[in-house]
Amino acid sequence: MVLASVQHAFVEMTQIPEKGLFVSRSFACLFGVSMLFLILSSSILYQFSDTSLVPRSIYNIIIVKTTRDYIKPDETRVPFEPNSPIFASLSSKESCSKITPVKPAICDQTQALLKVFMYDLPPEFHFGLLGWKDRNQIWPNVSNLNQIPSYPGGLNLQHSIEYWLTLDLLSSVSPNISRPCTAVLIQNSTQADVIFVPFFSSLSYNRHSKIHGTEKTTMDKILQQKLVKFLNGRDEWRRSGGKNHIIMAHHPNSMLFARRHLGSSMFVLADFGRYSSQIANIDKDIIAPYKHVVKRLDARDSPSFKERPVLVYFQGAIYRKDGGVIRQKLYHLLKDEKGIHFTFGSVSSGGVRKASRGMSSSKFCLNIAGDTPSSNRLFDAIASHCVPVIISDEIELPFEDVLDYSKFAIFVRASDAVKNGYHMKLLRRIRRDKWIQMWERLKEIGKHFEYEYPSKSGDAVDMIWQMVHRKVSCVHEKDGRKNRYDMSQMFLDAI
């Protein structure tokens, strides 16, 4: 009966007179325009509110799928950068009203490049060496800057890498510290990418490498012996044979006893000058920059080409052993040349202030191999925007896989540097515009060699963690390639 009624209605509709047909078409047209208006209204509401009348899934079908120039939401995000042209066009009043400051938050482990497990070594291995004591805590409260032990100044600072990296890890779990989310501290060692060993080995060497009174061995060696015993007893060390452990040994003389026992680990070093290739090499270890001791110049106040009357600057120890013999030869070749400052110098008697003034008033600064291939002088030159002239055939440079040093430094082979007249001829034919290009680049990359707390994106601490990440990824890739046949057989045996 229902079917008959439907058929009857359909027959009546097909027999609508011409006037009725016109009305029906008009109604249909009006209905279509109304629907289009509703869709457009919903799209506008969607852009300004999450409470649109049209559900998100339906909106995507109606609007997004029919828009040829659709851009994915992730591709439209613009990171907040105060110097960005987007924000530069806003007045200060507009900027304050449109940009809301973001409160610091603990790093999400899923966002970090590196998940790091750190041993809770007793304070005698780290901040205790700085005189910090607390019977109830292993670590100082890094959220309060007034409670963080300061690192000793002078030349001690140049090897303070251990201090900055440890502070950065501790701050990664503090909700009050804003920092890059490159490395984050975790509590489960089995989930970690790397295991961090918080031993301030450079500070230990600088302060405790000499025998005092009735001592039979140095405190530095005792700490190293304790460390070796501790690591050999840990499951984390045994699982990987130490390969995923990070040990800081930036001072060339640090870890003299322990290094041969812990050579499978990833060392953070200044160079490979006093290591055998079996213990330390570029395949597994990290080269970190020294912390400069001269004051870093602000890019806006850096003296220009005309404001740097000295052509070449060097001040420091001249008579050195090992590879440092070249300093003596260069001294006798250059000391009487016009526009050259090549003299003895030390950190005492205001030596750091003199070096700061000298480098900032010089166009080129010599970085010559001494007892070891590297020295802090290179990083003092970078901080002074004085174009480094590197004369050290065996030097390894930090972040060289991502930084092109040829854009801001000049490399001279030792065999060429000691030729009579070679050095002066080379530097004097460098055009002013070429020097300015290198000077401008120095001002850009200077931030990558800055150690600071809290750390900032792209500073030395952040760059080191990124390098560790790349190194770990490379090691995993090599291990996978080496073990591909065993892994394949294991898979087949499990079938």
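Guide: In this predicted model, Cys-365 and Cys-386 are both buried. The two residues are joined in a disulfide, with 2.1 Å between their sulfur atoms. A disulfide is a covalent bond that connects the sulfur atoms of two cysteines. A search of the whole structure returns one disulfide. The link of Cys-365 and Cys-386 is right-handed, with 105° about the S-S bond. The pair ties together distant parts of the chain, 21 residues apart: Cys-365 belongs to strand E9, whereas Cys-386 sits in the loop between H12 and strand E10 (387-391).

Another cysteine, Cys-181, is partly exposed, because its relative accessibility is 23% and the buried class requires under 20%.

Between strand E9 (362-368) and helix H12 (377-383) runs a loop that contains Asn-376. Asn-376 counts as buried because its relative accessible area is 6%, and the cut-off is under 20%. Beyond its neighbours within four places in sequence, Asn-376 has contacts with Gln-158, Tyr-290, Lys-291, His-292 and Val-293.

A further element of the model is a pair of helices. Helix H7 (residues 201-208) and helix H8 (residues 219-232) have axes that come within 8 Å and cross at roughly 150°. H7 is therefore roughly antiparallel to H8, since angles over 145 degrees fall in that class. On the H7 side, Ser-201, Ser-204, Tyr-205 and His-208 meet Met-219, Asp-220 and Leu-223 of H8. The residues of this contact comprise three nonpolar, three polar and one charged.

How values were computed. Residues numbered from 1 in each chain as written. Predicted model: local features only at pLDDT ≥ 70, side-chain atom pairs only at ≥ 80, totals over all residues. Heavy atoms only, no water. Helix = DSSP H or I, 4+ residues; strand = E, 2+ residues; numbered from the N terminus. Buried < 20%, exposed > 50% of the residue type's maximum accessible area, 1.4 Å probe, protein only. Contact = heavy atoms within 4.5 Å. Disulfide = S-S within 2.5 Å. Axes fitted to C-alpha atoms, helices over the stretch in contact; angles between N-to-C directions. Parallel < 35°, antiparallel > 145°, perpendicular 65-115°, else oblique. Nonpolar A, V, L, I, M, F, W, Y, C, P; charged D, E, K, R; others polar.
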